[in-house]
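Open the model in your viewer and keep the selection tool at hand. The tour goes from one selection to the next.

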Amino acid sequence: MSTNFLQGPVEIAGLKMRPFTVRCRLNCLALGLTLFTDPGAQLSEAQVEEQVVALAWERTQPVPVVRAAIDAGTAWDAIHEFADALPMSALPVLVAEINRVAADMRAQAVEVVPRSETVDDKAPGN
């Protein structure tokens with residue numbers, strides 16, 4: 001099982017991408033990137049591409065810059081500017097990286113189930 005998403009930066013299409021972290025997921029939520037936060041989201045091909053580019057921007061820009069843009073409401077302007085300089089050849093590589101991270105995350109996932117209502121004297125406490 002690979003855990004590269006927890007390790008150092010990965011270089012993709014000349015971009016150094018930070019690991020996918022909890023902060024990255026929170027930023028995805030703040031940006032409305034349902035491709036990464038809502039497994040049931042129905043997106044057009046254009047929306048998928050836009051969200052892939054947005055994730056690439058989020059993972060390659062300095063964290064303070066990303067947070068400042070999100071907080072100021074200017075993140076999408078920065079993402080569109082980033083997309084203007086991103087070559088089309090980078091998209092398939094970015095999608096492959098996203099698929100790799102998603103597979104790693106699924107492999108690391110822990111399912112939390114509610115405690116049964118029956119009382120078990122030997123069950124650990126909360």
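**Stop one: Gln51**

Select Gln51 and show its neighbours. Leaving out residues up to four places away in sequence, Gln51 touches Gly32, Leu33, Thr34, Leu35, Phe36 and Leu43. This is a predicted model. Gln51 sits in helix α3. Is Gln51 buried or exposed? Its relative accessible area is 7%, so Gln51 is buried.

**Stop two: the core**

Now select Leu31, Leu55, Trp57, Phe82, Leu86 and Leu94. These residues have the most contacts inside the largest nonpolar core, which has 27 residues. Colour the elements that build it. β2 (15-17), α1 (22-31), α3 (45-60), α4 (63-72), α5 (75-85) and α6 (90-108) each supply at least two core residues. Which helix gives the most? α3 does, with six residues.

Zoom in on Leu31. Beyond residues up to four places away in sequence, Leu31 touches Trp57, Ile70, Ala75, Trp76 and Ile79.

**Stop three: α1 against α3**

The crossing of α1 and α3 is right-handed.

Next, show side chains at the contact. From α1, select Arg23, Cys24, Asn27, Cys28 and Leu31; they meet Leu55, Trp57, Glu58 and Arg59 of α3. By class, this contact has five nonpolar, three charged and one polar residue.

Definitions and conventions:
Residues are numbered from 1 along each chain as its sequence is written. This is a predicted model: local features need pLDDT of at least 70, side-chain atom pairs count only at pLDDT 80 or more; totals for chains, interfaces and linings use all residues. Side-chain values use heavy atoms; hydrogens and water are left out. A nonpolar core is a set of buried Ala, Val, Leu, Ile, Met, Phe, Trp, Tyr and Cys residues joined through side-chain atoms within 4.5 Å. Buried means under 20% relative accessible area, exposed over 50%, partly exposed in between (1.4 Å probe, protein chains only). Helices (H or I, at least four residues) and strands (E, at least two) are DSSP runs, numbered from the N terminus. Contact means heavy atoms within 4.5 Å. A crossing is left-handed if the near helix is turned anticlockwise from the far one by less than a right angle, and right-handed if clockwise. Ala, Val, Leu, Ile, Met, Phe, Trp, Tyr, Cys and Pro count as nonpolar, Asp, Glu, Lys and Arg as charged, and the others, Gly among them, as polar.
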